[in-house]
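Please look over the sequence and the model shown here. The report that follows takes up a few of its features in turn.

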Amino acid sequence: MNVIISKLKEVLYSVLPITVIVLILHFTISPIDTALLIRFLIGAVLIILGLTVFLIGVDIGITPIGNNLGATIAKANKIWIVVISGIILGFFISVAEPDLHILAEQISSVTSGMISKWSIVGIVSAGIAIMLSIGLIKIVYNFPLYKLLTILYGIIFALAIFTTPEFLAISFDASGATTGALTVPFILSLAIGVSKLKKDSKSSEKDSFGLVAIASTGAIISVMVMSILSKTDNITGDLSQELTSNSILFPFLHETPDVALEISLALLPIILIFIIFQKVSFKLSNRAVRKILFGILFTFLGLVLFLVGVNAGFMAVGSTVGYNIALLNNKAYVIIVGFILGVVTILAEPAVYVLTHQIEDVTSGYVSRKVVMVTLSIGVGIAVALSIVRILIPDLQLWQYLLPGYMISIALMYFVPKLFVGIAFDSGGVASGPMTATFILAYAQGAAEATKGASVLVDGFGIISMVAMTPLIALQLLGLVYKVKTKKEV
């Protein structure tokens with residue numbers, strides 16, 4: 001019971017601030033149609049219930065599977081098993097990631113199906129799978145994280161030259177969206193298991209960071225390669241369908257069977273992998289197996305409730321609010337509201353609480369979690385505000401933000417304590433959680449739809465990538481502070 005209350009509190013912290021802001025905006029500068037507002041509130045309830053059930057399911061079902069698989073790979077003690085396991089597990093766990101489904105659904109929706117949802121899910125998952133196996137090899141052979149990330153981002157910058165503006169935004173957004181509530185615990189549990197393969201007995205705490213960062217580069221590279229190979233130059237997008245529905249219950253009833261089928265297909269491979277390994281290797285007790293299967297059932301139910309709430313209730317209101325505020329004569333409103341949404345979202349993200357406690361523990365209290373929280377919240381607020389500025393000024397392009405941002409991030413890797421490199425790059429995925437992938441993305445797209453000269457596809461996407469980039473700089477700068485403080489102490 002305590003676990004349920006704890007998870008419910010986490011989720012309430014995440015969802016309620018956005019809900020309150022929407023209600024304040026509704027009664028002040030952005031009135032929302034009554035039917036749409038009721039759908040939003042129903043969606044908020046479904047999201048709260050869904051995320052709570054989902055997180056419990058991940059804890060008792062998905063994470064134990066990851067831990068057992070990691071331990072089995074370690075026992076095998078063969079590098080080829082590590083590679084194959086990383087590819088297979090990375091692919092299927094990414095296919096089931098809710099944040100990726102939300103992003104892919106948005107891409108499919110605004111392009112009227114020209115870019116299909118499952119093509120994005122499949123391509124991104126393949127990229128994650130390949131990079132996850134490379135990350136596991138990196139752990140085994142102790143290859144420095146900063147060197148590997150320098151190589152990978154060098155490849156990304158080279159590919160970016162040939163990538164269309166539409167796909168540039170989508171590729172970086174995919175990176176932030178893929179490292180969500182299902183993928184991260186699974187990848188971390190695999191990393192712990194595989195680190196036991198190392199020949200030296202000192203399992204450095206640095207190994208527990210960085211694997212998520214390596215895996216997420218696979219999403220960027222795979223979408224960029226897709227763009228270059230498909231030569232899709234003339235894709236356009238709009239939100240006309242999303243902004244005009246007046247029914248209350250129909251969207252929920254319409255979404256439920258489709259979402260249930262998709263989640264069943266996404267979780268089925270994970271169940272099959274578990275059953276096969278249980279027969280061959282795990283040999284867990286019947287009670288443990290039942291608990292894990294119940295966990296998977298909870299994961300399924302939670303995902304269905306969450307995605308139905310998002311697709312039928314949350315996204316349309318995010319788009320509408322962004323659209324209405326962007327139509328106001330004073331454009332400062334749309335930027336200020338974007339900043340507030342960014343600050344509130346990062347303060348409310350459950351995974352950020354875990355990360356900040358971890359940083360405080362690792363640095364023995366030198367870098368307090370309050371300092372980290374304030375730094376991240378202001379940084380993410382600025383990231384969202386800058387994304388809105390980019391929408392209002394169509395000549396301002398995403399790469400003009402991302403190129404200097406990532407170059408600063410990569411340069412900092414060579415000066416900060418190496419532990420902070422892994423923490424910072426992993427935290428990019430942590431920052432861009434469910435509320436960023438849902439409400440803030442929809443808000444940006446609504447603003448783009450209302451802004452003359454802006455494109456929903458080029459300018460509406462890209463905001464997740466901005467939110468994911470901020471912690472790379474912010475936390476590495478904190479790493480420098482930690483380094484300076486330690487030198488003064490010595």
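## Two packed helices

Is the crossing of H11 and H17 left-handed or right-handed? In this predicted model, the crossing of these two helices is right-handed. H11 covers residues 286-327 and H17 covers residues 434-450. Their axes lie 6 Å apart and meet at an angle of about 35°.

The residues of the contact between H11 and H17 are sorted by class into 18 nonpolar, five polar and one charged.

## Cavities

How many cavities of 30 Å³ or more are there? The count is three. The largest cavity has a volume of about 100 Å³.

The lining of the largest cavity includes Tyr153, Ser175, Gly176 and Thr179. Also among the lining residues are Ala213, Ser216, Tyr406 and Phe425, as well as Gly428, Gly429, Ala468 and Leu472. By class, this lining has six nonpolar and six polar residues, with no charged residues.

## Helices around the largest cavity

Which helices each supply at least two residues of the lining of the largest cavity? They are H7 (165-178), H9 (211-230), H16 (418-431) and H19 (463-489). The largest share comes from H16, with three residues.

H16 has 14 residues, and at 1.5 Å a residue these should span 20 Å. The end C-alpha atoms of H16 are 20 Å apart, so the span agrees with that expectation. H16 is also mostly covered, with 13 of its 14 residues buried.

H7, another contributor to the lining, likewise has 14 residues. From its first C-alpha to its last, H7 reaches 20 Å, close to the 20 Å expected at 1.5 Å a residue. Because 13 of the 14 residues of H7 are buried, this helix is largely enclosed by the rest of the structure.

## Phe339

Where is Phe339 placed? Phe339 is in helix H12, which runs over residues 332-348. Its relative accessibility is 31%, so Phe339 counts as partly exposed; that class lies between buried, under 20%, and exposed, over 50%.

Phe339 and Leu386 are 47 residues apart along the chain. The C-alpha atoms of Phe339 and Leu386 are separated by 8.6 Å.

Terms used: Residues numbered from 1 in each chain as written. Predicted model: local features only at pLDDT ≥ 70, side-chain atom pairs only at ≥ 80, totals over all residues. Heavy atoms only, no water. Axes fitted to C-alpha atoms, helices over the stretch in contact; angles between N-to-C directions. Helix = DSSP H or I, 4+ residues; strand = E, 2+ residues; numbered from the N terminus. Left-handed = near helix turned anticlockwise from the far one by under 90°. Nonpolar A, V, L, I, M, F, W, Y, C, P; charged D, E, K, R; others polar. 1 Å grid on protein atoms, 1.4 Å probe; cavity = no way out; pocket = protein on both sides within 12 Å on 5 of 7 lines; lining within 4 Å. Points joined across faces, edges and corners; volume = space filled by probe spheres on them. Expected span 1.5 Å × (residues − 1). Buried < 20%, exposed > 50% of the residue type's maximum accessible area, 1.4 Å probe, protein only.
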